[in-house]
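Please look over the notes below with the structure open beside you. They are grouped by topic and numbered for reference.

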Amino acid sequence: MAENIKQVTDIDRSIYDIRDEENDDYRMKSGLTPEIVERLSQEKNDPEWMKEFRLKSLEIYNKMEIPDWGPPIDELDMDNISTYVRPKSDMKASWEDVPDDIKDTFERLGIPQAERKSLAGVGAQYDSELVYHNVKDEVSKQGVVYTDLESALRGPFAELIQQKFMQLVPPQDHKFAALHGAVWSGGSFVYVPEGVHLDIPLQSYFRLNAKGAGQFEHTLIIVEDNAYLHFIEGCSAPKYNVANLHAGCVELYVGKNSTLRYSTIENWSKNMYNLNTKRAIVEEDGRVEWVSGSFGSHTSYLYPMTILKGENSNMEFTGITFAGNGQNLDTGAKVVHNAKNTSSVINTRSISKDGGISTYRSSVVINPQAKGAKASVSCESLMLDSISRSDTIPAMDIRTSECDVGHEARIGRISDAQVFYLMSRGMSEEDARATIVSGFAENVSKELPLEYAVEMNNLIRLEMHGTF
Amino acid sequence: MIDLSINKVPSLTWHFLKMNDARIKWQNPTGGAEISAEGADSLYSAETQGEFGELSELFDSEYSRVSVSAKENEEKTARVCFDDKGESRVSVLSINAGNNSNLNVFVMLSGSGSLVLKTDTVVGDNAKVKIVFTQFTDSSGKLITDSTATVGKNSKLSEFRFFPGTVGTYAQSKVNLNGNDSQLLSNTAYLAEKSQKVDVNYVINHFGKRTSCDIAVNGVLNDNASKTFKGTIDFKCGSSGSVGTEVENVLLLGDNIVNKTLPVILCDEEDVNGNHGATIGRISDETLLYFASRGISAKDAEKLLVLSISDAFCRLVDDEITTKNIKIRTEGEIYG
């Protein structure tokens, strides 16, 4: 009994693998040159500073090396990636106005239903452009701005955006941050004024339909003092036999005594290189909560980072990663404690099966001025078969004695004793293993905002009907 | 001076953390360390000079070498002392334990210069080997120990390291648990103050079935001392039934300390169990209250807790001579 191999079946991807016929309005030729970047800037009608920013970022990109510490990305050839694909639709404020083929895809993914049920606003990006954006009136009346970043660049927040854009994630940060700086398009801008408590979430959904294309959306969220926001991000793409690339960027500014909860359900197709960068800076008494589910992609580099700038600021990161056949998912979190009495909690689970590779990677940095800091890291990994791989690489760099840091990591398989215990209470072996896996994931999955999008239900429903 | 890149981790992480290796400058060696030994099989020393770029090149030249071995079924204890005589010296220690043997090797490292010691250990089947490294170099000295070991089936290797603090102490240990049911017990204690540095890199490769490793690293950082602990437990494919644990406790006393920790578990086998736990921080208020209620000041409580780390180490080593030497060193430093 004990040595039998259990099996967790793959997530049902059929709804995500719907491919629309490529019927683009415009597709940039593949590759990455100054001419392409200038053309993109022209397409986006950028202000002059943004055009210069893009070209400078491209220079930085060309000078930087590919990381030598993560999963291999040798097969990603930028000469074969189109950095901009414009769908045949400009941005609509009414769902009815979105072209039928695009609308059908999003409807199958459950996005409009989610909006009708329980969202304050929804944005939907298709390839390189937002095709739909809408915010409920009562939310707008509170002064909340939720719009596409490109419109915002030309609106009343233009100056603020220029001050904040890629300041948290500068192009020098790493090669794919530089790439993002050069070719970003699409994405959202959210502004929550002081004192506004948004009880219901905003959601952005990113869909990459074009074969051999990249998606480089930029999300910039500013939550002023004494405010609250829950932002949900979902991503998916159909599977092609050539590489697709996602190198988005998320910058979050959390004001004093404010809370921002940022939830992500990532379910890119298994030909996707997901090289995304997310970063938050938190002021005094502020809080950022990251909830991250990584299920898709061929290769992922994903480590949301938090800078605890203000005294008593804190962060919590909750993540789950599921690596199946052909996937190499390198995920985790980073936190920097820069002020007194800051605290952080990182809690992750990862599951590997069918030859999937899951790596948990993190860094906790406590700087000398962060007296009274507290940090806790817990990472657990479950191996579901002998052909998979699971690694944990957590780092801590502590530079003050006035702190408390705890760390625990565990890698293992399903315990025979646990299976035996459940079987002794009348469960079949199959059900016992299913219960244990569900229990393993529950700590994290219960934090996922399942009620907001039908898609998420499919992602974490691990069908445990296996063969023994 | 030689530029050395040592203590490299097998699985890289972000370079900004500066933990993937230790880059140091090292005085060109002038010869082998002076060796005195009891129970050794052979001694060899020569004086040679050369230019070196990598640590491995240092060992290509035969400076001084000592071998300790136990024949099949033999029980043996050896004591070896390496002294750098205030210069830059390089030595090699070979340890070979035959099947069913029981070998204890006590290694004392002294001097005030720059000492490099490479240790190669082979543990046969059903054997027990205990190696105790105690550093008694002057606080101005520098030390590199680079150990490799292979452990046969149903055997146990115990490695103990005591580093009471010097300008720079760098220790690397790579252990291959090749045999089924082989075991490693690794215990390290360190005390670092002022601007002293300790950099420890352990890599345990589990190849055999039902292998186990138990790594403990305990220490104190005071003033602006810095410590890096990198511990990698690597469960290779086929090491089913294996267990690996690494535990770290760091007592932080100084205001300007740097404490870096990189505990890595690599897992290419389903049926294994790997654990890591770390507790890093100052003395808790509850502990200080406990001491205060017994009339012990915070300063004395600190001293007692520091001593408790070396005392715990001595109990594990269970050797009268080592215990006496450690007590002289630590109590002398702590109580001035």
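A residue is called buried here if 20 or more other C-beta atoms lie within 10 Å of its own, and exposed if 12 or fewer do. The model is a predicted one.

1. **Chain A overall.** By that cut-off, 56% of the 468 residues of chain A are buried. The chain holds eleven helices and 25 strands. Its contacts reach across the sequence: of those with a separation of 6 or more, 83% are between residues 24 or more positions apart.

2. **Chain B overall.** Chain B contains four helices and 20 strands. Its radius of gyration is 20 Å, close to the 20 Å that the globule rule gives for 336 residues, so chain B is as compact as a globular protein of that length. The C-alpha trace spans about 55 × 50 × 45 Å along its principal axes. Buried residues account for 51% of the 336 in this chain. Of the chain B contacts between residues at least 6 apart in sequence, 82% join residues at least 24 apart.

3. **Confidence.** For the complex, the predictor reports an ipTM of 0.92 and a pTM of 0.90. Chain B has a mean pLDDT of 91, with 93% of its residues at 70 or more. Within chain B, confidence is highest in strand β15 (residues 197-206), at 98, and lowest in helix α1 (residues 55-60), at a mean of 60. Residues 47-53 of chain B deserve a flag: pLDDT stays under 50 there. The model has twelve contacts beyond four places in sequence for that stretch. Where pLDDT is low, the predicted coordinates should not be read in detail.

4. **Strand pairing across the contact.** Two pairings cross from one chain to the other. β24(A) runs antiparallel to strand β19 (residues 258-267) of chain B, and six bridges join them. There, A:Ile398 has B:Asn259 as its bridge partner in β19(B). β25(A) pairs with strand β20 (residues 272-281) of chain B, again antiparallel, over eight bridges. In that pairing A:His407 is partnered by B:Ala278 of β20(B).

5. **β25(A) within its own chain.** β25(A) also pairs with strand β23 (residues 373-383) of chain A, in the parallel sense, over ten bridges. A:His407 in β25(A) stands opposite A:Val377. The strand has two faces. A:Cys403, A:Val405, A:His407, A:Ala409 and A:Ile411 form the covered one. A:Asp404, A:Gly406, A:Glu408, A:Arg410 and A:Gly412 form the uncovered one.

6. **Helix α3(B).** Helix α3 of chain B covers residues 298-317, which makes 20 residues. It reaches 29 Å from its first C-alpha to its last, close to the 28 Å expected at 1.5 Å a residue. Which of its residues are buried? They are B:Glu302, B:Val306, B:Ser310, B:Phe313, B:Cys314 and B:Val317. After α3(B) comes B:Asp318, with a positive phi near 55°.

7. **Positive phi in chain A.** Most residues other than glycine have a negative phi. A:Asn341 has a positive one, near 55°. A:Asn341 sits in the loop between β20 (328-337) and β21 (343-352) of chain A. It counts as buried because 20 C-beta neighbours lie inside 10 Å. A:Asp354 also has a positive phi, near 55°. This residue lies in the loop between β21 and β22 of chain A. Is A:Asp354 buried or partly exposed? A:Asp354 is partly exposed, because 17 other C-beta atoms lie within 10 Å.

8. **A:Val85.** A:Val85 belongs to strand β2 (residues 85-86) of chain A. With 24 other C-beta atoms within 10 Å, A:Val85 is buried. A:Val85 and A:Tyr61 are 24 residues apart in sequence, and their C-alpha atoms are 21 Å apart in space.

Definitions and conventions:
Residues numbered from 1 in each chain as written. Chains lettered and ligands numbered in written order. Predicted model: local features only at pLDDT ≥ 70, side-chain atom pairs only at ≥ 80, totals over all residues. Contact = placed C-beta atoms within 7 Å. Pairing = 2+ DSSP bridges. Expected span 1.5 Å × (residues − 1). pLDDT = per-residue confidence, 0-100. Rg over C-alpha atoms; globule rule 2.2 N^0.38 Å.
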